[in-house]
Amino acid sequence: MPDSSLLDQVKDFANRPNPYPVYAKLRQNPVSRQDDGTAEGTWVAATHGTIARLLQDPRVSSDTLPPADRPRTGNPLTDLIVKPLKDWMMDRHRVFIFRDPPDHDALRSAVMHQFSCARVQAMRARSDALVTDLLEEKREAREIDAVDDLAYPLPVTVICELFGVPREDEPKFHGWATQLATALEPDSLSNTEIRAKNSRTFDAIGGYMGDLIREKRRHPRDDMLSGLANHATPAGVKMGDYDLIATSILMLVAGHETTVNLITNGLLTLLRHPDELERLRQDPTRAPRLIEELLRYEPPVQFRTRRTLSAIDIAGVTVPEGADLVLLLAAGNRDESVFPDPDRFDPDRTGTRHLGFGGSLHYCVGAPLARFEAEAALTALARRLKAPRLIADPPPYRQGAALRGPEHLRVAIDGIA
Amino acid sequence: MAALERAVIVGAGLAGLRGAEALREAGFSGSLTIVGAEPHFPYDRPPLSKHVLAGAIPAESTALPHGLDADVDWQLGTPAAGLDRRAGTVRLADGRALPYDRLLIATGTRARPWPNPHEGRLAGVFTLRGRDDAAALRRALAAGPRRVLVIGGGFIGCEVASLCRKLDLPVTLVDPGPTPLARVLGRTIGAFIGAIHAGHGVDLRCGTEIEWLEGAGGRLVRAHCVGGGRIEADIAVVALGAVRNTEWLDGAGLSVDPGGVDCDGAGHVLDAEGQSDPQIAAAGDVARFPHPLYDGRRVALEHWSHAVAQAAHAGRLLAGAPPDAAYGAMPTFWSTQGDLVVKSAGLTQGADAVVIAQGNPATGRFIALYGRAGRCIAAVSVDSARWLPAHAELVAAGAPFPPAGAATDRPKGVAILDPGFS
Amino acid sequence: MSTRADASPGSPPGLRVSVDLNLCQAYAQCCYAAPRHFRIEGHEALFYDPAPAAQDRDDIERARVACPVQAIRVEDRGRGA
């Protein structure tokens with residue numbers, strides 16, 4: 001029995017609190033083949049240079065999903081006629097993070113057109129107000145859970161208001177979002193049970209979104225979904241219903257599953273670096289730099305997967321055509337050839353090109369929103385929490401290796417100012 | 001390093017400024033004098049033909065940010081008139097002589113004027129190089145001309161013409177070549193870009209040459225084409241390229257001609273016998289140097305990034321960096337033409353083939369990759385900037401051309417086209 | 001004319017911004033951070049204000065640090081010194 005591969009160690013839940021020593025081992029070979037039980041293996045890029053190159057390499061595809069294969073029902077009519085049709089529709093209307101140009105570009109441009117500076121600025125102001133409200137609710141508390149009390153409800157409320165999803169439906173789509181986010185975890189693509197579950201979840205949330213889209217057509221509001229459902233971009237791009245449903249699901253999942261980790265990782269990091277917490281409290285204009293460093297140091301999305309369209313020579317190895325690639329963004333962010341003393345949290349670093357939001361065509365759509373939300377949350381927490389202390393370090397983590405962050409972050413406080 | 005040493009930088013543009021910064025950053029602590037022909041502190045030129053003409057910003061707000069402290073002697077509005085290497089002095093137009101121990105030549109270029117000086121002086125006839133040029137042309141465009149005539153289909157010509165369309169002004173672009181940008185990008189890619197501009201309403205007249213400009217009462221009223229034909233226009237922008245400012249070096253004993261002042265690989269200037277002068281470096285548009293990426297071919301590049309990178313290199317060199325480090329940064333440039341962004345890496349000169357490596361010219365977004373003798377030599381992106389770095393790497397590596405294998409947004413079996421350099 | 005850099009009308013106090021448009025890949029993060037001073041036209045043509053008002057320095061700083069390719073350079077003569 002060979003040692004477990006380093007990629008297995010990345011996935012290993014035991015390493016969730018601190019995967020960075022495993023990443024350091026992976027960086028010893030900038031691009032390495034890791035056993036995953038298949039003949040081809042999975043290729044992992046772990047240095048800043050190789051990840052940055054592969055992110056922008058046209059031979060690297062984001063079309064990584066295997067063909068849709070919905071579970072059979074036993075009903076011959078469904079299995080022989082409806083299933084292939086539905087599989088075909090699913091394949092044709094994947095979310096754009098799993099697509100390449102030109103389709104990716106068209107779909108993304110429609111989203112970006114609605115994700116306007118004015119809307120994001122409005123949510124910036126809204127974030128400050130929401131943080132104030134959320135902290136107000138805990139005014140008398142001597143302990144908070146940074147996840148449940150702030151880091152989760154803030155981005156969820158923001159994405160709901162921005163996109164135009166009723167906030168009161170949150171209990172419904174919370175479970176859907178968590179389930180679908182597993183699609184970003186490497187094993188989910190080969191695990192038939194997870195895929196079947198995701199497929200059912202997709203149907204449920206798809207039905208919900210379909211209803212919502214019809215509602216937005218009848219009664220348009222000033223939100224992104226109304227815009228996408230009713231208007232084309234200046235270049236004439238307007239999504240059909242299936243693409244719009246898929247895109248809506250993506251927005252909702254992304255709004256649920258990423259920024260929560262940025263905020264929680266941020267507070268955790270600040271509590272582990274009390275000097276930085278104090279500096280931020282004294283000078284909130286440090287927040288933007290601090291958040292960039294956080295995106296380097298503890299990125300909410302640790303890695304993304306890709307596939308090669310042709311063989312690629314890189315860093316002394318040849319990644320074959322059709323290979324699965326893992327771009328270990330969080331490992332590249334700790335590459336000492338780019339970031340001196342990489343394991344030190346130092347918001348005063350200059351000129352950092354971190355990989356926290358990915359890069360090139362698939363650079364995180366929600367990045368500006370995440371930054372504003374994190375700034376609102378972290379500056380308020382620094383200013384208002386009295387004598388915050390971690391109750392458990394490390395805190396308990398969520399399952400995900402790709403979307404990595406604490407499940408809860410309990411903090412003892414002497415009150416909220 | 002002796003604190004009494006004197007450094008003189010001739011040229012107060014981007015290259016002069018970045019050279020001065022690099023000199024200081026590398027530890028030079030002597031006196032530092034920057035000589036500029038214009039009365040302005042260093043400013044950024046690219047916005048002039050875009051933001052300033054669009055009226056988005058005033059010309060004077062293009063002053064460049066810089067890291068120099070107050071300890072710099074700025075000699076602005078006084079062009080250099082001569083160089084005496086034996087005496088170690090730069091002579092200024094007002095007759096003063098500035099002694100130097102280290103000298104950076106960064107005098108750049110000026111706009112090539114309309115060949116007939118009388119016609120060139122007509123009100124309504126402009127060139128576009130400096131900040132004052134841009135301010136004057138902006139005033140003229142804002143006054144709502146009947147039609148703007150742009151003479152010359154190079155990058156500046158295309159930028160001005162497409163910008164006029166953004167301002168909703170009627171504009172005619174004439175160029176004697178077969179397409180715009182044919183000299184730099186070839187006819188094939190030039191035609192694609194020309195079609196995009198034509199689609200935005202630029203009246204494109206290729207294969208047309210202006211014979212003379214007609215005035216009335218001292219104002220331009222129309223232009224006459226060679227072989228007949230007239231273009232009614234009250235503004236003409238002469239965009240016929242640039243002339244290097246090397247005249248002040250006549251008699252200095254350097255290897256210099258209108259194509260630039262010659263440098264060795266490190267950046268020191270060469271004298272008439274081909275010997276390096278270790279006290280003098282050159283950088284920016286005016287410096288002609290052997291480019292290691294192109295078999296040592298001598299080139300002088302009029303690119304923003306080149307001015308920055310070569311001046312930084314020259315500043316370090318003058319501060320005492322070892323001269324064995326050759327300068328060889330990948331040539332890159334960008335051009336904002338209306339809402340269209342054209343970027344390039346490498347030099348297209350000598351290309352014998354071109355492929356559309358990604359995207360589709362019909363959609364207005366694509367990457368063109370140029371090859372010569374089976375190697376990639378240049379890449380051009382049109383509204384596809386995020387794909388350019390990967391192709392720039394192919395150029396830097398001299399990768400085989402055409403690129404093999406599948407890629408996103410690339411048709412199977414790319415067509416190999418004649419780039420159309422004549 | 002001989003002048004000192006800090007005493008010149010050509011270099012007034014306040015903010016100076018320049019963007020290396022060779023590096024710029026139109027990620028538009030600056031536009032979200034400081035929408036009054038940066039905007040993208042068409043697919044990727046960045047237009048920016050090279051001399052923003054000093055009171056907007058916090059947003060300009062947000063834009064600078066958020067740039068994924070670190071193409072934004074800011075000179076701030078109004079602070080410190």
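**View 1. Contacts and overall build of chain A.** In chain A, 72% of the contacts with a separation of 6 or more are between residues 24 or more positions apart; two residues are in contact if their C-beta atoms, placed from the backbone, lie within 7 Å. This is a predicted model, in which local features need pLDDT of at least 70 and side-chain atom pairs count only at pLDDT 80 or more, while totals for chains, interfaces and linings use all residues. Residues are numbered from 1 along each chain as its sequence is written, and chains are lettered from A and ligands numbered from 1 in the order in which they are written. Chain A holds 17 helices and ten strands; helices (H or I, at least four residues) and strands (E, at least two) are DSSP runs, numbered from the N terminus. Its C-alpha trace spans about 65 × 60 × 45 Å along the principal axes. Of its 417 residues, 49% count as buried, meaning that 20 or more other C-beta atoms, placed from the backbone, lie within 10 Å of the residue's own.

**View 2. Where chain A meets chain C.** Here 15 residues from chain A and 14 residues from chain C take part in the contact. On the chain A side, α6 (117–137), α15 (287–297) and α17 (367–384) each supply at least two of the residues that touch chain C.

**View 3. A right-handed β-α-β unit in chain B.** Follow the chain through β1(B), helix α1 (residues 14–25) of chain B and β2(B), which make this unit. Right-handed means that, with the strands pointing away from the viewer, the path from the first strand over the helix to the second runs clockwise. Strand β1 (residues 6–10) of chain B pairs with strand β2 (residues 31–36) of chain B in the parallel sense over five bridges; two strands pair if DSSP finds at least two bridges between them. Look for Ala7(B), which stands opposite Leu32(B) in β2(B). β2(B) also pairs in the parallel sense with strand β3 (residues 73–76) of chain B, over four bridges. There, Thr33(B) has Asp73(B) in β3(B) as its bridge partner.

**View 4. An open sheet of three strands in chain B.** The order is β13-β14-β15 (chain B), and the pairing is antiparallel. At the edges are β13 (210–216) and β15 (230–232) of chain B, each pairing on one side only. β13(B) and strand β14 (residues 219–225) of chain B run antiparallel and are joined by six bridges. One pair to find is Ala216(B) with its bridge partner Arg219(B) in β14(B).

Technical notes: A residue is buried if 20 or more other C-beta atoms lie within 10 Å of its own, exposed if 12 or fewer, and partly exposed in between; C-beta atoms are placed from the backbone.
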